[in-house]
Amino acid sequence: IQWMLVEVVSKERSLEGTTWALVSYRGSGGEMVEVLPGSEVSAVFQDGHLGGSAGCNSYFGQYTTQGAKTSIEVGGSTMMFCAPQEVMDQEGAYLAALGQAGFYLVKGDELEIADASGKPLLSYAVQQPTPLVGTNWQLTGYNNGKGGFSSAIVGTEITAFFGEDGTLSGSAGCNDYNTAYEISGPPDAASGSISIGMVATTQMMCGQPEGIMDQERAYLVALQSVTSYEIEGERLTMYDHQGTRMLAFMVQPATSLVGTAWEVMRYNNGTGGYTSVLLGTEVTAMFSEDGSLTGSAGCNNYTTSYQIDDASASSGAISIGPAATTRMMCAEPEGIMEQETRYLTALQSAATYQIEGDQLEMRDAEGTR
């Protein structure tokens, strides 16, 4: 049934059910400080539960209200580090301010939170819907196929990225997947019809955490059954043709190249193949603010330098110098030293990088991954 709007009964907005974007917060000197440019801090209040992005990490908590009074308790957050340090300082001040909340007031599209004495703490504005296309989405809940809607298992990360070229890709928790999708309206629409094609995945088997493979199967079944979507602020909900809620996502916090501990999953082996890292080995990379790049090549530790144009950018040009390493020799697992040599060769040839969600991909000057 297609419905037509007849009359707007009320435009009053409540605390709950709205995605609020932070505009300013109380600084260490007691003054109200504007949010850092390019930084997105948000809050969603719903049924006593609070969640959102603190600028770098996602956070969650609980709240109570009685009239204009409110009490907020932040329960926890993810534990990433984002550069520059000012982002982390802002995050700490914001989360601390939430814990001091005493009163709230909604005025049109604005939310003001004050402390117990009535002094301003936080100022928000209504956050406009995040576009479906080009956003990194992280699953928060899914239809388990048994009549229930389950939260994602702690310690797992399921993602979805709707590309402008009509491709949908992401991680199903253990395996990577990709498929095609079509939407009925413009890519920035807050709701609409969608169809998703048959999904292709990698073929790994994961044993931990318990239930991860069952979750993956249920997610992929639910994904292919969706026919419509709705976005409210930073929340994406997808439904099947009967209107049953199948999937729920939140915007995935942006990951910074600098200051993040990266673990290599696959590399170019120099013979025309793109190979997974050997089981039992760990290859890592840490890009520091001082321009140094360090990590483990699987057996030996290495260090080198790198250059990029913008440390806050999710993609761009990069140049990496020759790496100096320790001089150990490892015999197990078989092929570890060859892998190390191939990795360091590939690393030095990197010319561009791109970050989507929590995945970093680097290519050479010819565009080879």
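Visitor: Are cysteine 56 and cysteine 82 buried or exposed?
Guide: Cysteine 56 and cysteine 82 are both buried. Buried stands for under 20% relative accessible area, exposed for over 50%, and partly exposed for what lies in between, using a 1.4 Å probe and protein chains only. Bear in mind that this is a predicted model, where local features need pLDDT of at least 70, side-chain atom pairs count only at pLDDT 80 or more, and totals for chains, interfaces and linings use all residues. Residues are numbered from 1 along each chain as its sequence is written, and side-chain values use heavy atoms, with hydrogens and water left out.

Visitor: What do cysteine 56 and cysteine 82 form, and how far apart are their sulfur atoms?
Guide: They form a disulfide, with 2.0 Å between the sulfur atoms of cysteine 56 and cysteine 82. The cut-off for a disulfide is a pair of cysteine sulfur atoms within 2.5 Å. Cysteine 56 sits in the loop between β4 and β5 (58-66), and cysteine 82 in the loop between β6 (69-77) and α1 (85-98), so the bond ties together parts 26 residues apart in sequence. As for the labels, helices (H or I, at least four residues) and strands (E, at least two) are DSSP runs, numbered from the N terminus.

Visitor: How many disulfides are there by that rule?
Guide: The count is three. Counting the bonded cysteines along the chain, the pattern is 1-2, 3-4, 5-6.

Visitor: Where do cysteine 174 and cysteine 206 lie?
Guide: Cysteine 174 and cysteine 206 form a disulfide with sulfur atoms 2.0 Å apart. Cysteine 174 is in the loop between β13 (167-171) and β14 (176-183), while cysteine 206 is in the loop between β16 and α2, so this pair ties together parts 32 residues apart in sequence. Cysteine 174 counts as buried at 7% relative accessibility, whereas cysteine 206 counts as partly exposed at 24%.

Visitor: And which handedness does the disulfide of cysteine 299 and cysteine 330 have?
Guide: The torsion about its S-S bond is about 80 degrees, so the disulfide of cysteine 299 and cysteine 330 is right-handed. The pair links distant parts of the chain, 31 residues apart: cysteine 299 in the loop between β24 (292-296) and β25 (301-308), and cysteine 330 in the loop between β27 and α3. Cysteine 299 counts as buried at 8% relative accessibility, and cysteine 330 as partly exposed at 24%.

Visitor: Switching to the backbone: which peptide bond is cis, going into proline 333?
Guide: That is the bond from glutamate 332 to proline 333, with omega near -5 degrees. Proline 333 is in the loop between β27 (324-325) and α3 (336-348). The bond from glutamine 208 to proline 209 is cis too, with omega near -10 degrees, and proline 209 lies in the loop between β16 (200-201) and α2 (212-225).

Visitor: What about phi at aspartate 47?
Guide: Aspartate 47 has a positive phi of about 55 degrees, although it is not a glycine. Most residues other than glycine have a negative phi. Aspartate 47 is in the loop between β3 (42-46) and β4 (49-53) and is exposed, at 58% relative accessible area.

Visitor: Last one: which residues does serine 24 touch?
Guide: Leaving out residues up to four places away in sequence, serine 24 touches Met32, Val33, Glu34, Val35, Leu121, Leu122 and Ser123, where contact means heavy atoms within 4.5 Å. Serine 24 lies in strand β1 (residues 19-26) and is buried, at 11% relative accessible area.
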